[in-house]
Amino acid sequence: RLARPDHAMDGVILEKELRETGITLVFMNHELPPLRRGQRQDIGEAITAYCDYQQSGTFRDELAEKMIYAQLQLAQRGYSTGGRANFGFRRNLVNGDGTVIRQLSDGEIVRQKGHHVVLLPGPPEEIDLIRRILGMLEKTPACRVARILNAEGIPSPDAGRKRKDSGVAHNVSGVWHSSTITSIARNPLIRAMTSYGRRSMGDRCRTSLEGPRQLDASDFGANEKPKVIQNPESQQVRAPAHG
């Protein structure tokens, strides 16, 4: 089908509008010719289209729920739930008994039965820098720590990497900010703990300790579109890091 719309009728209407512009829609198992302006759509076609879009929307909901359940199970066992490793750590592939197979490169995805990804300490120089930052924070504000590291010419995490802000690609400057300092200091991996569910996003369902939950009014912004929210600590999964 053309899409997995939030409402099946939206898909039916889109399909009809495309056909009225003279477009022939070709699907895997059938073909729909253009509709003449004012021509009434065949009732059988409309019913079939509605059922198909309803089914595809249901599949989308079920897929979102399965993904959340899978990530919750990984988090509860101390495994990585995805994403890049935090500063000072690296992603490693382990087998069922926890034996480290190898370190994974950035962006590498491995799907191997009985194997999982864990976050383990990375290069010694990054660990030493984390220790230094934690020591300075005992007496020095994060903003001043950032100024000290910038003055010493120490590159910040991800320096030189490409990222996008508001859809515009650019190179990470390598400048330290107070937010970078506090993010490193608050990383639960420093205490050998994993954290999952700090933020919630998505337009079908969202995570909670009990499993997937339906979106409510607080999940939508002023534009009526789903927004990213920060979950309270009571709704975050904390577990000893595996490995």
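A residue is called buried here when its relative accessible area is under 20%, exposed when it is over 50%, and partly exposed in between (1.4 Å probe, protein chains only). His-177 is partly exposed, with a relative accessible area of 45%. This is a predicted model, so local features need pLDDT of at least 70 and side-chain atom pairs count only at pLDDT 80 or more, while totals for chains, interfaces and linings use all residues. Residues are numbered from 1 along each chain as its sequence is written, and side-chain values use heavy atoms, with hydrogens and water left out.

Start with helix H2. Helices (H or I, at least four residues) and strands (E, at least two) are DSSP runs, numbered from the N terminus. H2 covers residues 43-76, which makes 34 residues. The expected span of a helix is 1.5 Å times one less than its number of residues. For H2 that gives 50 Å, and the end C-alpha atoms are 50 Å apart, so the two agree.

Now look at the two ends. At the start of H2, a side-chain oxygen of Asp-42 comes to within 2.9 Å of the backbone nitrogen of Gly-44. That is a polar contact: a pair of N or O atoms within 3.5 Å, where, within protein, one must be able to donate a hydrogen and the other to accept it, and residues adjacent in sequence count only if both atoms are side-chain atoms. After H2 comes Gly-78, with a positive phi near 85°.

Which residues of H2 are buried? They are Ala-46, Ala-49, Tyr-53, Ser-56, Gly-57, Ala-64, Ile-68, Leu-72 and Ala-75. An α-helix has 3.6 residues a turn, so residues three or four places apart point the same way. The cover over the buried residues of H2 includes helix H1 (8-20), strand E8 (193-196) and strand E11 (237-240).

Of its 21 lining residues, Leu-74, Gly-82, Ile-109, Val-110 and Val-117 are the closest to its centre. H2, E3 and strand E5 (116-121) are the elements that give two or more residues to this lining. The largest share, three residues, comes from H2. Pockets are found on a 1 Å grid over the protein atoms alone: a pocket is an open set of points with protein on both sides within 12 Å along at least five of seven lines, and lining residues have an atom within 4 Å of a point. The probe is 1.4 Å.

Beyond its neighbours within four places, Leu-119 is in contact (heavy atoms within 4.5 Å) with Ser-80, Ala-85, Asn-86, Phe-89, Arg-90, Arg-91 and Leu-189.

Next, the aromatic rings. How many aromatic pairs does a search of the whole structure find? It finds one. The rings of Phe-87 and Trp-176 have their centres 6.5 Å apart and their planes at 90°, so the pair is edge-to-face. Rings of Phe, Tyr and Trp (its six-membered ring) pair if their centres lie within 6.5 Å; planes under 30 degrees apart count as stacked, over 60 as edge-to-face and the rest as tilted. Phe-87 sits in the loop between H2 and strand E3 (89-94), and Trp-176 in the loop between strand E7 (168-171) and helix H5 (178-185), so the pair ties together parts that are 89 residues apart in sequence. Phe-87 is buried at 18% relative accessibility, and Trp-176 is buried at 2%.

Leu-129 belongs to helix H3 (residues 124-137) and is buried at 11%. His-177 lies in the loop between E7 and H5. Its C-alpha is 8.7 Å from that of Val-145, 32 residues away along the chain.

Two residues other than glycine have a positive phi. Ala-192, in the loop between H5 and E8, has a phi of about 60° and is partly exposed at 45%. Glu-224 has a phi near 70°. Glu-224 lies in the loop between E9 and strand E10 (229-230) and is exposed at 61%.
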